[in-house]
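This report describes the fold of one protein and then turns to several of its residues. Please keep the sequence and the structure in view while reading.

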Amino acid sequence: MTRVVDKTACGWYNETVMNRGKFIVFEGIDGSGKSTQLKMLSKYLQGKGIPCVTTCEPTDSPFGGLLRACLTGRLETDERAIAALFAADRMDHLFNPVNGIEKRLNEGVTVLCDRYYFSSLAYNGEMTDSVWVEELNRPAMEQMRPDLVIYIELTAEAGMERVGKRSERERYETLEKQKKIRERYLRVFEKRAAQESVAVIKSERDKERTQEKIRAAVNGLFGI
Ligand code: TYD
């Protein structure tokens, strides 16, 4: 909480309490159900009168459009180009002066984001030089650490079973890759345990039960 004291010309103090919005990130392997849980949380927070927006990475900007083309195979490219594009998409997502996440947070709006730099560390770090991927993401890691990361935990087998029901398979959606990505996620959280606030939430068959656990992890951030 920032307390801004503005001394006016006639000597009165105009005291405004500015509450920065919270930055909450959802992570998990493909098929973990994060998008559904994020929407449910958004409704819940709005119901509590907390101004809140949802967003995702890859974004719907031109950077994100390029990434979607790479992920679906419409555009063939190298893993390093994908890793660099994700980092560029993220910089724009955070710091775009018109509609960036930083701007929304400063306006007091809570931002719920589907995937963030942990996805790059887990996915792109698995596919190419992990030290370089970390370096690419250093500005975000240093300047915009989330208030809370919700990691939806399930096995690669369970994730792939859910993905299998969708019509189109994306670049990383094979059981072998998902197993490695999941292991890397866990290693990333272990390595960054001192810097990050992470709630590991087991994905239940009943999505309402998963949501209850997410709400319990989030409530404290808002004093509710
Ligand atoms: P995903 O959340 O699965 O989107 P959708 O459900 O709409 O397909 O994200 C798309 C893919 O992008 C997913 O396989 C993870 C991958 N990804 C990365 O490899 N690096 C990143 O930094 C991000 C944000 C996502």
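## A helix and its surroundings

The buried residues of helix α5 pack against β3, α3 (79-95), α6 (130-136), α7 (138-143), β6 and α9. The model examined here is a predicted one. The buried residues of α5 are Y117, F118, S119, S120, L121, A122, Y123, N124 and G125. Because nine of the eleven residues of α5 are buried, the helix is largely enclosed by the rest of the structure.

One of these residues deserves a separate description. N124 belongs to helix α5, which covers residues 117-127. Is N124 buried or exposed? A residue is called buried when its relative accessible area is under 20%. N124 has a relative accessibility of 2%, and therefore it counts as buried. Leaving aside residues up to four places away in sequence, N124 touches I82, A83, F86, S119, V133 and Y172. For the pair N124 and A83, the C-alpha atoms are 5.6 Å apart, although 41 residues separate the two along the chain.

## The protein as a whole

The protein contains ten helices and seven strands. Its radius of gyration is 19 Å, close to the 17 Å that the globule rule gives for 224 residues, so the protein is as compact as a globular protein of that length. Along the principal axes, the C-alpha atoms fill a box of roughly 70 × 40 × 35 Å.

Of the 224 residues, 45% count as buried. Among contacts with a separation of 6 or more, 74% are between residues 24 or more positions apart. The accessible surface of the protein is about 11,900 Å², and carbon and sulfur atoms account for 51% of that surface. As for charge, there are 36 positive and 34 negative side chains, and the centres of these two sets lie 4 Å apart.

Which strands pair with β5? Strand β3 (residues 23-27) runs parallel to β5 and is joined to it by four bridges. Within this pairing, F23 has V111 of β5 as its bridge partner. Strand β4 (residues 52-56) also pairs with β5 in the parallel sense, over five bridges. In β5, T110 stands opposite C52.

## Strand β7 and its partner

In strand β7 (residues 198-202), the side chains alternate between two faces. Strand β6 (residues 148-153) runs parallel to β7, and five bridges join the two. Among the paired residues, E153 has K202 of β7 as its bridge partner.

## Backbone features in two loops

A cis peptide bond joins E57 and P58, with omega at about -5°. P58 is placed in the loop between β4 and α2 (62-72).

R115 lies in the loop between β5 and α5. Phi of R115 is near 80°, which is a positive value in a residue other than glycine. The relative accessibility of R115 is 12%, and so this residue counts as buried.

## A partly exposed arginine

R166 is found in the loop between α8 (156-163) and α9 (175-191). How is R166 classified by its accessibility? Partly exposed residues are those between the limits of under 20% for buried and over 50% for exposed. R166 has a relative accessibility of 46%, and therefore counts as partly exposed.

Leaving aside residues up to four places away in sequence, R166 touches G31 and E173. From R166 to A84, the distance is 27 Å, C-alpha to C-alpha, and the two residues are 82 residues apart in sequence.

Note on methods
Residues numbered from 1 in each chain as written. Heavy atoms only, no water. Buried < 20%, exposed > 50% of the residue type's maximum accessible area, 1.4 Å probe, protein only. Contact = heavy atoms within 4.5 Å. Rg over C-alpha atoms; globule rule 2.2 N^0.38 Å. Areas by Shrake-Rupley, 256 points an atom, 1.4 Å probe, with all protein chains shown as cover. Lys, Arg positive; Asp, Glu negative; His and termini not counted. Charge placed at Lys NZ, Arg CZ, Asp CG, Glu CD. Pairing = 2+ DSSP bridges.
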